[in-house]
Amino acid sequence: MTVILVPIDGSQLALEAVPWASTLAAPDGVLLLLRVIPDQSDAALAEANAELDEAAKFVTHGASIERLIASGEPDEQIVATAANRGVEMIAMSSHGRGALGRALFGSVADRVSRSATVPVLILRAAVESAADGPRIGRMVLPLDGSAIAERALPVASALSRRLGVPVYVVRAIDAASVMPIAPGGFGAAPMVSAELADRVWQESESEAKATVANAVARLQGEGVTASGAMLTGSPFFAIGEVLQPGDLLVLTSHGRSGARRWLL
């Protein structure tokens, strides 16, 4: 990654994305620090410039800095700037609202991640970085067998080679999503025979293992140290259980919006 866009909003949380972007940028990379303001008044411009100066103090690893100020809706200006300036990644913090908070108030990071045409690094709230900057020890790459999920492979590969860290590929399968389930008087029950259910599960396991093995082989062929595993259970919880401090999660979004995104 040689050109990374880092939007700031005057908050301390937004500043925490700056050292992460600096770590991910190449030594000769460029960090575009962007402050979106509601208007171009002298007071707003002065405050924005002061905030950009503060953000520049968080840049490490020798990347060069360019300060940008734009006015308008934050998500629209962030996406437009990324497109116009040849940005390769957007790095920004999320305010960590839950599903209800996103539905009621919206989330700039959420909207940017669904409309940007380049990878978006979202740093969750309350992440504590080491005093000398972020430490990334491993890439974790969840796949689900779909073509859209595999679009994260080149990003994980490039970052792995840039940072010199391994990639851990996972695919989680859940019996609740694999088996046709019918509600019963004392819970849920499979709609198929035990024999057929066992065969469906074995096929699902085989497919999941093949997904992982193919991705690992592809990464290794690109000079990346890679390994992987099939996980069982709800993907959200199964993936969460294998994450360790220093992991960077690399995955695609299906771009759902509105009620479908909230529910699914």
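Angles under 35 degrees count as roughly parallel, over 145 as roughly antiparallel, 65 to 115 as roughly perpendicular and the rest as oblique. Axes are lines fitted to C-alpha atoms, for helices over the stretch in contact, and angles run from 0 to 180 degrees between N-to-C directions.

This is a predicted model, in which local features need pLDDT of at least 70 and side-chain atom pairs count only at pLDDT 80 or more, while totals for chains, interfaces and linings use all residues. Residues are numbered from 1 along each chain as its sequence is written, and side-chain values use heavy atoms, with hydrogens and water left out.

1. Overall content. The protein has 11 helices and 11 strands. These elements are DSSP runs numbered from the N terminus: helices are H or I with at least four residues, strands are E with at least two. Of the 264 residues in the protein, 39% are buried. Buried means under 20% relative accessible area, exposed over 50%, and partly exposed in between, with a 1.4 Å probe and protein chains only. Contact means heavy atoms within 4.5 Å. Among contacts between residues at least 6 apart in sequence, 75% join residues at least 24 apart.

2. The sheet. Five strands form an open sheet in the order E3-E2-E1-E4-E5, with parallel pairing. Strand E3 (64–71) and strand E5 (120–123) stand at the edges, each with a single partner strand, so one side of each has no neighbour in the sheet. From one strand to the next, the twist averages 20°. Pairing requires that DSSP finds at least two bridges between two strands.

3. Strand E1. In strand E1 (residues 3–8), 6 of the 6 residues are buried, so the strand is largely enclosed by the rest of the structure. Val3, Leu5 and Pro7 point one way from E1, and Ile4, Val6 and Ile8 point the other way. Both sets are buried.

4. Pairing around E1. E1 pairs with strand E2 (residues 30–37) in the parallel sense over 6 bridges. Leu5 has Leu32 as its bridge partner in E2. E1 also pairs with strand E4 (residues 89–93), again in the parallel sense, over 2 bridges. Here Ile4 stands opposite Met89 in E4.

5. E2 and E3 pair in the parallel sense over 8 bridges. Leu32 stands opposite Glu66 in E3. Leu32 is also the bridge partner of Leu5.

6. Helix H4 over the sheet. Helix H4 (residues 74–84) lies across E1, E2, E3 and E4. H4 runs at about 150° to E2.

7. H4 against H6. H4 and helix H6 (residues 108–115) pack at an angle of about 35°, and their axes are 9 Å apart. The crossing is right-handed. A crossing is left-handed if the near helix is turned anticlockwise from the far one by less than a right angle, and right-handed if clockwise. Pro74, Asp75, Ile78 and Val79 of H4 meet Val108, Arg111, Val112 and Ser115 of H6. These residues divide into 5 nonpolar, 1 polar and 2 charged. Ala, Val, Leu, Ile, Met, Phe, Trp, Tyr, Cys and Pro count as nonpolar, Asp, Glu, Lys and Arg as charged, and the others, Gly among them, as polar.

8. Asp75. This residue lies in helix H4. At 13% relative accessibility, Asp75 counts as buried. Leaving aside residues up to four places away in sequence, Asp75 touches Val108, Arg111 and Val112.

9. H7 against H9. The axes of helix H7 (residues 153–163) and helix H9 (residues 194–221) come within 10 Å and cross at roughly 40°. H7 and H9 are therefore oblique to each other. H7 passes H9 in a right-handed crossing. Leu153, Pro154 and Ser157 of H7 make the contact with Ala215, Arg218 and Leu219 of H9. The contact residues divide into 4 nonpolar, 1 polar and 1 charged.

10. Burial of H7. Leu153, Val155, Ala156, Ser157, Leu159 and Ser160 are buried in H7. Their cover includes helix H2 (17–24), E4, strand E6 (138–142), strand E7 (167–173), H9 and strand E11 (247–249). Just after H7, Gly164 takes a positive phi of about 70°.

11. Pro134. This residue is found in the loop between E5 and E6. At 11% relative accessibility, Pro134 counts as buried. Pro134 and Pro19 are 115 residues apart in sequence, yet 6.8 Å apart in space, C-alpha to C-alpha.
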